[in-house]
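Please keep the structure in view while reading.

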Amino acid sequence: MVVVSSDGRLVDVAVNSGQPARRPFTYRERPKMRVTTGQAVFVPYGPRLLQGIVVGFPDQSEVSEVREIDAIADPHPVLDSVHIDLAYWLSNEYLAPLWDCLSVCLPHGYGQKSVTMVSAVDVPPLLPVNPGDHKVLAALGGREQLTLEALREKVGSVTLERLRKLQAAGQITVTQGLARPAGNPRFERRLRPLRPSAELRTEGRRLATAQARSVAARLLVGLADSGELTLGEAREMGVQRKHVEHLIEQGWLEEVEIRLDRAPYELLPATSTQPLRLSDAQQAVADAIWDTPGEHLLHGVTGAGKTEVYLDLIRRVLDDGGSAIVLVPEISLTPQAMRRLGERFGDQLAIFHSGLSGGELYDQWYQVQSGEKRLVLGSRSALFVPAPRVQLIVLDEEHEPSYKQSDPQPRYHARSAARFLAGLTGARLVLGSATPDVTSYARAKGGQASLHVLDERLIPDGNGRVRPGKPPTIEVVDMREELKAGNRGIFSIPLVRAVRQALTEGNQSILFVNRRGAARFMLCRDCGYVPECPTCRVAMGLDTTDAIAPRLICHHCGRSRKLDEECPRCRKKRYRPFGVGTQRIEYEAHRAFPGARIARWDSDTSRRKGAHESLVARLEAGEIDVVVGTQLLAKGLDLPRMTVAGAVDADVGLHLPTYLAPERTYQLLAQVSGRVGRRDQPGRAFIQTYEPGHAAIVAAATGGYEQFYELEMEHRRRAAYPPFGRLARLTFRHPKQEHGLEEASRVATELRAHRDAAGRTDPDVLGPSPAYIRRIRGDYRWNVLLRGRNPGQLLDKVRFGPRWTVDIDPVNLL
């Protein structure tokens, strides 16, 4: 280490360089400069000026030539020490660049990337020899300045080497700069009166007698009526700049700039409600959690009132002056969660999920950071909003795989990150589920978390209290027997009867299948041809959104093509759909239940902003009789009139090549069944399967979580899967299959060599092997799987290129 002279304090800065650096870079302060931890700065980085965040103050530097910080970008710290520590943990735990880990804690659009700017020189150009140079100069159009990306869009591929030659010839200028941040506050200019309303009206009447002053009169009367006007509203009244300036000079009004609040208040309920009185069991759980900071697993059957426990804990936190963070696994759950939390704590609630605009996210982030709002609700990324004095973190439906980030980096699991954040802040961490993740339940069984059980369904009695309710009856339908009875439709006879009865009684039904589209694939019954995506090499699904012109679509890369009327290979007519998806179920439901109001809810129908909120509102208003959907339906919805649920194809995913397949199947079926019968009306669920004896099916039908848990633990113990070990999945993607195998083999060999050289047998290095979905978007994929106590430690010793993806604790092995 080299000690640097004391002419400027040493500063560690995480730099937004676009490079996979997992450590900060050391700079020093300029004379008379004083920066603080968490402050945004601009620093030199090679020939560029880049954005960075101050993360520490080292005593020494590893280099003798330490460059100075160029400027302070923001006078106030944007992050606190807690979230800087959290970012370091994310970087070390998931082997992710430090800046990427800091950026998840920053306000939306805060990051500024380095950009190359190209502009023409205002001198008579020399005649370029290369025809491509003509295109560059023509695109710049005299004095126009373009980013390198914009220039390439105009002229196609252009290298930095060519631009440097043109710059050396004096024909263009190439500079480095920073892109404008995508996130910014929004301001609005307004006019405010400086005198009482009565005086404004009197002066308005006086001015109205003179035609020339009638515009100013309207402005004064408008200000007297409304209190203030935007400049846009004033212009609509015919007001011009001269009228405003004259009235300002006379002391009648002032012009001010107001920062707008873009929080989505239209999504919050307008009225408040009183909390339900908790049952004795609920009260005991809430008290136990409040009295014991640390990790808690709340295992409650569907409808047991876990949400009321959360609400009671949130009230205590807010009353104590602290902050609370509540996470839900999907945007689809946010509307109902917003309503429940908004009815109790509306003025304190801030909402974060991907369906909101950048401006809404940006404004709410600052409201939380400042302490103006102290209750955060959102999907997994909401965990990183820097709320002050966090005392409670709730992960509802904690078993959901959507709590794991896949891309981009950091590929964190929100449950693990919440555990670390709770340790930093001393907050209570509550993991709630009717079907807990096996690893979470194992932690509770092993004493690493407190286990609380709510095993009785509760329903409101209408008087501010709750009373016991009845769990749904669950019937397993053996579809083999249905076939023997001559039923070749996709709905079993018991399910059809139950849905028709619900329609007659004015109730609602769910038809669930965990697959989008009209069919899994097309199949020729004569030659066996199945159409595949040419870039992903997987079967294409059938999309009948346009009934007149159905198409084949790849759900991995989005490629689509027209559906042929006959087999493209043998030209026979027995070319038909195989399997079912949500579109096919929706079509068959219209045929089976004519006159029913049927809606489909999957990722294809909920892409536009507000789609989830709209569909939930229609369900709650009774405007939908039958809802067809994927796993979005299985996650925490509470619909009083929902009495029938049908898992149309319960075997989907049961035998996927991943150790998690049985657990996922059990969780989905149990959760779907739990959506029905949540009030006085009894609920009925039907599980249609060709494997009625499978452990996951039996557990979902009988509610036997403990028995299923013991079976899963025995299987995982033998195979050293979590919680008996950890996994790391390394995936290499390349358009050439042979090169992919060669590179994956190199890495696997190096990993084994480093492990053996250390005299260890842990971790296991499995592979390389082709991924289950072998090709996506033209790239072949090869996996190397590490299994052991801490497989991530071995990865620091191996060089990975940009085509590698490293996923620690993956939840998807396909």
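Predicted model: local features only at pLDDT ≥ 70, side-chain atom pairs only at ≥ 80, totals over all residues.

R718 is exposed, at 62% relative accessible area. E714 is partly exposed, at 36%. Elsewhere, salt bridges with shared partners tie R189, R241, E245, E255 and E257 into one network.

Side chains of opposite charge can pair when their charged atoms come close. The count of salt bridges comes to 53. Three of them are set out below.

| Pair | N to O distance | Relative accessible area |
|---|---|---|
| E29 and R34 | 3.7 Å | E29 3%, R34 59% |
| R415 and E398 | 3.0 Å | R415 8%, E398 0% |

E29 is buried, whereas R34 is exposed. R415 is buried, and E398 is buried too. The R415 and E398 pair links distant parts of the chain, 17 residues apart. R415 lies in helix α14 (residues 414–425), and E398 lies in the loop between β16 (390–396) and α14.

Now the sheet. Four strands form an open sheet in the order β33-β34-β32-β35, with antiparallel pairing. β33 (764–776) and β35 (804–808) are the edge strands, each with a single partner, so one side of each has no neighbour in the sheet. The twist averages 20 degrees from one strand to the next. β32 (residues 726–734) and β35 run antiparallel and are joined by 5 bridges. L730 has V806 in β35 as its bridge partner.

Key
Residues numbered from 1 in each chain as written. Heavy atoms only, no water. Pairing = 2+ DSSP bridges. Helix = DSSP H or I, 4+ residues; strand = E, 2+ residues; numbered from the N terminus. Axes fitted to C-alpha atoms, helices over the stretch in contact; angles between N-to-C directions. Salt bridge = Lys/Arg side-chain N within 4 Å of Asp/Glu carboxyl O. Buried < 20%, exposed > 50% of the residue type's maximum accessible area, 1.4 Å probe, protein only.
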